[in-house]
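User: Please go through this structure with me in short questions and answers.
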Amino acid sequence: MSEPETITLDSGSLEDLYALSREIAEQEQSPWEPRCVSAMFSTVRQKRFRFTMQAWIDLDAIRSPLLDGAIPRKLEEIDEALSIFGFEVREELEADEYIALSEEMLEVVNQGFAMSLGMRDPNEKESSSARPEHFGNWLPLVACMVTQFKIPYETVLKMKVGEALALVACSRHNQGWESEGTPYKLRESEEGAPEPEAAATPAEDANNG
């Protein structure tokens, strides 16, 4: 039987761990909402494209690659997506301009879905490990907002996807559910924008409870 491997940390590694520990403690004790949450609900520094629930539905209807985390390859796919986001192309664009617009659309879509936070009912023993699937998952979320939160259907369609996902996660938290992904408060300790959580799909979060 082999001896267990001994891991030795140098002073630099220890200092990094201490610094990360302090940063996490500060985030957990901070009176402020995490930046990812504040930015999603804020009306300042708004991006050109708004990824609303209606935009999600429309992108789903055309099976846009944006929902799969990819930039559309065909010009007609880009034009359709731009139209959904309310962007009017008034003159012929160069290829690099189309690419830049596609990347901008993909960024807001990813940021919206990144607000999905897997929540687990503490009374349930089993946990979902499925990756988020963004085609067709809007319906349970819309149903949750309308039937459980009593938000008018027309208002739900105008909400940003990230707002809706964050509201569901907050509601489950208030009901005593546990987070299965990285909590919003700890996401500021991670570099870059948070990736969509793998713990549960938006549809599963909306359906449970």
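User: What is the accessible surface of the protein, and how much of it belongs to carbon and sulfur atoms?
Analyst: This is a predicted model: local features need pLDDT of at least 70, side-chain atom pairs count only at pLDDT 80 or more, and totals for chains, interfaces and linings use all residues. Residues are numbered from 1 along each chain as its sequence is written, and side-chain values use heavy atoms, with hydrogens and water left out. Areas come from the Shrake-Rupley method with a 1.4 Å probe; for residues, only the protein chains shown count as cover. The accessible surface is about 13000 Å², and the carbon and sulfur share is 50%.

User: What percentage of the residues count as buried?
Analyst: Buried means under 20% relative accessible area, exposed over 50%, and partly exposed in between (1.4 Å probe, protein chains only). Of 209 residues, the buried share is 38%.

User: Where is Arg-63 found?
Analyst: Arg-63 is not a glycine, yet has a positive phi of about 55°. Its relative accessible area is 53%, so Arg-63 is exposed. Its place is the loop between α3 (53-61) and α4 (75-84).

User: Is Lys-150 buried or exposed?
Analyst: Lys-150 is in the loop between α6 (138-148) and α7 (153-158). Its phi is positive, about 60°, although Lys-150 is not a glycine. Relative accessibility is 63%, so Lys-150 counts as exposed.

How values were computed:
Helices (H or I, at least four residues) and strands (E, at least two) are DSSP runs, numbered from the N terminus.
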